[in-house]
Amino acid sequence: MTELSTFILILEGLLAGAGVTVVVTLVSLLLSVSLGFVLALVRQFGKRRALHALIDLYCEIMRNIPALTHLFILYFGLASIGFRLSSIAAAILGLGLIGGAVTCDLFRAGFAALPKGQAEAALAVGFTPFQTILDILTPQAMRIALPSLGNYAVQLLKDTSIVSAIAAPEIMFYARSMVTSSFQTTLIYTTVALLYLALALPLMQAIRILENRYGRLKA
Amino acid sequence: MNRFIQPYVDNAGEWLPLLLEAMGKTALLSICAFALSLVFGLLLAVCRNTRWRWLERGVALYVATVRGVPLLAILFLLYFGLPGAGVTFDAFTAAVLALALAFAAQVAELFRAGLMAIPAGQREAALAVGFTPYQSFTLIVLPQVVRISIAPLIVTFVSLLKDSSLASLITVDELALTGRAMATEYFLPLQIYVAVGLCYFLIAWPFSLLSKRLAPPAAR
């Protein structure tokens, strides 16, 4: 019985951070998807070589350096030259900038998978290039990218646990501070795992519903 | 700009050996963990395709659980949590195990996709010409699976390498932790964390390029 009441006490403590976890996940997801979409459009349809090289460089830098290091640069590094971000702002910005590179690739793969005839046909019947991209190609590319975007969203939810390292008050942060005061280490971290799982499962389910509804039509 | 560059020039002699040693530790940690996750992953993938239903279910549950739980939670559970249950690891072992357990699920999914991509006729033909089931798996099916999976496996290795930075939070003295220690010592966090990022980039980038090289043209 005492075990159960401790568990509930721990869960209550952790739930204090759940709000920040959810907000950081959602806002950085929004930031990554918008950034990634714009980058993908420019990279896929833009004509400027220099811009392509710049986007490629950005993606490589984001993808080959750990999130933890990016967060430290944004939070501790920038503060040292007088550009102070709050821990939550640094977390959202960091995860969003990294996610922009990840989703850029996912969107590009979506565009690349479309048959050439789609664009040619749209142009032939009189759509402007702009309309072709936005009205004909984008909706189809989105459908193709949806499953991998879903995987990315789950990954992002888990990755928010890293931002406890820059003291953003989310689930893992509360867990770590509880551990130092209560020594119920095993129980606390097990509860943490269960709580993340409880957040991830509905997200996975929502993605599955979206996929069934809007996903690529099965042949 | 000059003020940003100057500390590198002044401290190169002291920073380089520290960073190089830490890069070695990061590489060692990543390679050990990846090797272990390949073994776990292959076992899981094989168990996923057996006749025993409960084994399949167990593996599916494991993969789903690991997909939903952050690596950091697994890491803390192994390092800080298990001593409470009487099992103690040193930090490096705990980091290798946590990374391997987490990435084994991904590796298993890759192998499974690879296994499903091999037509059943390959195995049937091997059996028909007299290979034993074990031989037909190791000599006929597995090499083809490896060829399909190699590019995504390298991508997975790069993710593992990046996630090995989390080991710094359980006091493994790899790149990220060395960076933190240096940042407090020299009080130049921007320059030092950028240098740490560059070190990771130098290890990871060749693998990223290799994975693009090896990917089939359609996936590029």
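Which residues of chain A does the UniProt annotation "domain: ABC transmembrane type-1" cover? The unreviewed entry places this domain at residues 18-205 of chain A. The model is predicted.

**Annotated domain, chain A**
- Residues 18-205 of chain A are 83% helix and 0% strand.
- The end C-alpha atoms of this stretch lie 19 Å apart.

- A:Ala167 is not a glycine, yet its phi is positive, at about 65 degrees.
- A:Ala167 sits in the loop between helix 6 (129-159) and helix 7 (171-182) of chain A.
- A:Ala167 counts as partly exposed because 16 other C-beta atoms lie within 10 Å, a count between the limits of 12 for exposed and 20 for buried.
- B:Phe187, also a residue other than glycine, has a positive phi near 55 degrees.
- The loop between helix 7 (175-186) and helix 8 (189-214) of chain B holds B:Phe187.
- B:Phe187 has 10 other C-beta atoms within 10 Å, so this residue is exposed; the cut-off is 12 or fewer.

**Contact between chains A and B**
- Chain B gives 32 residues to the contact, and chain A gives 32 residues.
- On the side of chain B that touches chain A, helix 2 (53-68), helix 3 (71-81), helix 6 (133-163), helix 7 and helix 8 of chain B each give two or more residues.
- Helix 8 of chain B supplies the largest share of that side, 11 residues.
- By type, the residues on this side of chain B are 22 nonpolar, seven polar and three charged.

Note on methods
Residues numbered from 1 in each chain as written. Chains lettered and ligands numbered in written order. Predicted model: local features only at pLDDT ≥ 70, side-chain atom pairs only at ≥ 80, totals over all residues. UniProt positions renumbered as here; feature names shortened; annotations may be inferred. Helix = DSSP H or I, 4+ residues; strand = E, 2+ residues; numbered from the N terminus. Contact = placed C-beta atoms within 7 Å. Nonpolar A, V, L, I, M, F, W, Y, C, P; charged D, E, K, R; others polar.
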